[in-house]
Amino acid sequence: MPELDQVTREFITWADAGVTPTVSEPVRDFVEKLTFAAPEEILSVLQDVLREDPLAIPVWARNLAYRLACLQRPDDPTLLRDAAYDLLRFGPDWDTHARAMLARAEQLES
């Protein structure tokens with residue numbers, strides 16, 4: 001996985017080149033709404049949509065949604081576990097992060 005610095009610089013180069021954005025309006029809207037959503041709203045949407053179709057939300061969007069919810073509620077062991085199990089479902093790239101989240105959840109409960 002490329003480092004954040006590298007992908008950020010690639011993004012800047014792409015944007016500076018005047019390339020027409022290939023990000024669709026629904027994706028931009030999703031990211032914008034998600035960015036400013038409360039954790040309860042994020043979790044509600046995740047639960048509702050994933051109950052209907054466990055693969056409906058792309059993995060990158062699930063990761064982002066859970067990450068933003070966890071950042072807003074870092075001491076919620078249930079949320080940390082849910083996010084960790086979701087990462088494990090689509091690993092192994094994120095297994096290290098998932099294990100750290102599970103350990104943090106355990107620590108919070110003890």
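The legends below go with a set of views of one predicted model, from the whole chain down to single side chains.

View 1. The chain has 6 helices and 0 strands, with helices (H or I, at least four residues) and strands (E, at least two) taken as DSSP runs numbered from the N terminus. Reading along the sequence gives the pattern α-α-α-α-α-α. Along the principal axes, the C-alpha atoms fill a box of roughly 50 × 30 × 25 Å. The accessible surface comes to about 7800 Å², and 58% of that belongs to carbon and sulfur atoms; the areas are from the Shrake-Rupley method with a 1.4 Å probe, and for residues only the protein chains shown count as cover. Of the 110 residues in the chain, 27% are buried, where buried means under 20% relative accessible area, exposed over 50%, and partly exposed in between (1.4 Å probe, protein chains only). Take the contacts (heavy atoms within 4.5 Å) between residues at least 6 apart in sequence: 53% of them join residues at least 24 apart.

A word on ground rules: residues are numbered from 1 along each chain as its sequence is written, and side-chain values use heavy atoms, with hydrogens and water left out. Since this is a predicted model, local features need pLDDT of at least 70 and side-chain atom pairs count only at pLDDT 80 or more, while totals for chains, interfaces and linings use all residues.

**View 2. The largest nonpolar core.** Here a nonpolar core is a set of buried Ala, Val, Leu, Ile, Met, Phe, Trp, Tyr and Cys residues joined through side-chain atoms within 4.5 Å. The largest one has 22 residues, and those with the most contacts inside it are I42, L43, L46, Y66, C70, L79 and M101. Helices α3 (39-52), α4 (59-72), α5 (77-89) and α6 each supply at least two residues of this core. The largest share, 6 residues, comes from α4. In soluble globular proteins, nonpolar side chains tend to be buried together. Zoom in on L43 and you'll find it touching Y66, A69, R73 and L79, leaving aside residues up to four places away in sequence.

**View 3. R62 and D86, a buried pair.** R62 lies in helix α4 and, at 1% relative accessibility, counts as buried. D86 counts as buried too, at 2% relative accessibility. D86 forms a salt bridge with R62, the closest N and O atoms being 2.5 Å apart; the term needs a side-chain nitrogen of Lys or Arg within 4 Å of a carboxyl oxygen of Asp or Glu. D86 sits in helix α5 and R62 in helix α4, so the pair ties together parts that are 24 residues apart in sequence.

View 4. R73 forms a salt bridge with E40, with the closest N and O atoms 3.5 Å apart. That pair links distant parts of the chain: R73 is in the loop between α4 and α5, E40 is in helix α3, and they are 33 residues apart. R73 also meets D76 in a salt bridge (2.3 Å, N to O). R73 is partly exposed at 25% relative accessibility, whereas D76 is buried at 15%. Salt bridges that share partners join E40, R73 and D76 into one network.

**View 5. D95, buried without a salt bridge.** D95 belongs to helix α6 (residues 95-109). It is buried yet has no salt bridge; R99, the nearest side chain of opposite charge, is 4.4 Å away (Lys and Arg count as positive, Asp and Glu as negative; His and the chain ends are not counted). Beyond residues up to four places away in sequence, D95 touches L87 and L88.

View 6. R81 is in helix α5 and counts as buried at 16% relative accessibility. Setting aside residues up to four places away in sequence, R81 touches L102, A105, E106 and E109. For a sense of scale, R81 and E10 are 71 residues apart in sequence and 33 Å apart in space, C-alpha to C-alpha.
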